[in-house]
Amino acid sequence: MRRTPLHDEHLALGGKVVDFHGWALPVQFAGIIEEHNHTRAKAALFDCSHMGEFTIRGEAAVKAFGDLVCLDPLKIPVGRGKYGAMLTENGGIIDDVIAFRLGEFDFYVVTNAGPLEIVSPKICSSSDAVDVSDDTAKIDIQGPSARDILAQEIPECTTLKYYQARRAQWKGVDIVLARTGYTGELGFELFIPNEISVDLWRKLLTYPDVKPAGLGARDTLRTEMCYGLSGQDFDESRTPLEAGMASFIAWDKDFVGRHALAKKRDAGGYPVLTPIKTSDRRAPRHEFEVKNNGEVVGVVTSGTFGPSVGCGIGLAYIPESLTRPGTKLTAGPRDLEIETTTIPIYTKGTCRV
Amino acid sequence: MSQYPNNCKYTKEHEWIRADGAAYVVGITSFAAEQLGDVTYVDLPKPGKEVKQGDSTAAVESVKAASDIYAPAGGRVSAVNDALADAPEIVNQSPFDDGWFFKLENVNAADLDSLMDADAYEKYVGAQH
């Protein structure tokens with residue numbers, strides 16, 4: 001397994017390390033629910049150094065990148081990020097991406113660890129696009145106290161609104177700072193050189209309101225927000241239309257997969273990734289079949305207990321005709337009763353404050 | 001001296017069983033609770049249910065996973081731990097005491113002979129790592 005530059009920190013903090021797409025990462029420290037609740041109440045640190053990062057500079061490289069993704073990089077205001085996906089010719093999702101426009105033709109693109117071997121050569125087919133993943137660590141601070149704490153280390157963070165990003169410095173070292181995340185809470189993602197990652201991680205943990213959190217809490221937090229996870233909720237077998245990304249498709253420009261996607265859109269009749277919940281603490285689980293009156297109609301792709309909502313929650317591919325909130329269905333071998341609900345499942349997040 | 005209570009017998013599926021007056025009380029070990037992580041739901045049998053050794057008798061869910069709890073011995077379910085319905089985290093906090101799952105009466109004593117004692121269970125868990 002590959003290790004992030006923070007690996008020894010995780011072990012020293014008692015992190016329980018697991019294999020995540022070939023990376024040794026902590027699934028939990030104090031406990032998933034405790035870390036989840038702490039993120040919603042104060043602030044948590046996550047090591048996401050396994051993720052992919054690219055710098056793309058110059059008009060030609062940016063345009064080449066735009067041909068690869070369903071978002072339109074040239075429509076992003078400078079200083080902002082946009083969510084989208086890289087598709088196959090058939091419209092299947094290779095990976096989801098966030099593109100940050102730091103300057104007119106100065107982009108910073110973030111992708112996932114799993115499909116990086118496929119994604120990296122595509123983005124780097126342009127010589128002014130560079131895969132900086134191996135040199136870059138990523139520390140995220142997420143939670144309602146995140147800004148007050150981070151401002152003491154990186155004052156520029158207070159200038160950022162939700163989904164904005166900028167270059168900044170910590171102790172004289174250049175970093176990229178984005179006000180984004182996956183928890184639904186106010187938070188920042190910090191893209192930093194490997195060499196300063198241990199120092200910054202340790203420094204942030206000196207603040208009493210900051211605690212480390214692992215993949216487990218990250219999963220319960222993002223599921224409560226209905227954020228799909230690449231490789232779990234979608235892959236090349238699903239299109240953005242199905243995966244709840246319809247509003248992130250820039251139809252007015254060309255991109256790989258657009259033709260197949262438009263055909264699918266016009267034909268209709270595809271299932272849609274839909275939030276579900278249970279009426280008690282039992283949870284739907286990944287790969288549970290979804291049934292309507294005993295007939296299999298779909299599949300659960302994410303499922304867990306939602307600590308902040310107190311019931312089982314998840315995401316499932318369901319025919320559009322059954323997605324109306326409150327539709328009663330069953331899931332799994334024991335026909336667990338579920339019902340469709342609205343996005344997000346947890347509605348009190350602080351990410352836009 | 002084992003880190004697991006000597007007054008219990010243990011299954012390979014990480015249940016424990018212990019004499020409790022004329023009945024026996026059943027739960028999951030601290031090792032199992034730790035492996036599961038935060039327990040979020042416990043499904044308990046109805047009192048009066050007759051079970052054979054190895055029958056799936058209860059279920060436990062954590063944030064990460066769901067698993068069945070098997071009867072360490074045959075018998076009749078005489079009581080269940082209702083406190084777990086509202087506070088399943090007791091299983092993590094006190095797996096060998098307050099976090100018990102159910103009690104069995106009319107236990108088939110011969111079934112107990114096939115279970116591990118505390119020392120054997122500790123070796124068994126050690127070999128799992």
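## Strand pairing in chain A

Two strands are taken to pair if DSSP finds at least two bridges between them. In this predicted model, strand β1 of chain A meets that criterion with strand β3 (residues 23–28) of chain A, to which 2 bridges join it in a parallel arrangement. Within this pairing, A:R2 lies opposite A:W23 of β3(A).

These strands belong to an open sheet of 3 strands in chain A, ordered β1-β3-β2 and mixed in its pairing. Its edges are formed by β1 (2–3) and β2 (16–20) of chain A, each of which pairs on one side only.

## A helix across the sheet

Helix α7 of chain A, spanning residues 215–225, lies across β2 and β3 of chain A. The direction of helix α7 makes an angle of about 70 degrees with β3(A).

## Strand pairing in chain B

In chain B, strand β8 (residues 75–80) pairs with strand β5 (residues 50–51) in the antiparallel sense, over 2 bridges. Here B:E50 is positioned opposite B:R76 of β8(B).

Strand β8(B) is also joined to strand β9 (residues 102–105) of chain B, by 4 bridges and again in an antiparallel manner. In that pairing B:V80 faces its counterpart B:F102 in β9(B), the two standing opposite each other.

## Contact between the chains

Chains A and B touch through a contact to which chain A contributes 12 residues and chain B contributes 9 residues. On the side of chain B that touches chain A, the residues comprise 4 nonpolar, 2 polar and 3 charged.

How values were computed: Residues numbered from 1 in each chain as written. Chains lettered and ligands numbered in written order. Predicted model: local features only at pLDDT ≥ 70, side-chain atom pairs only at ≥ 80, totals over all residues. Contact = placed C-beta atoms within 7 Å. Nonpolar A, V, L, I, M, F, W, Y, C, P; charged D, E, K, R; others polar. Axes fitted to C-alpha atoms, helices over the stretch in contact; angles between N-to-C directions.
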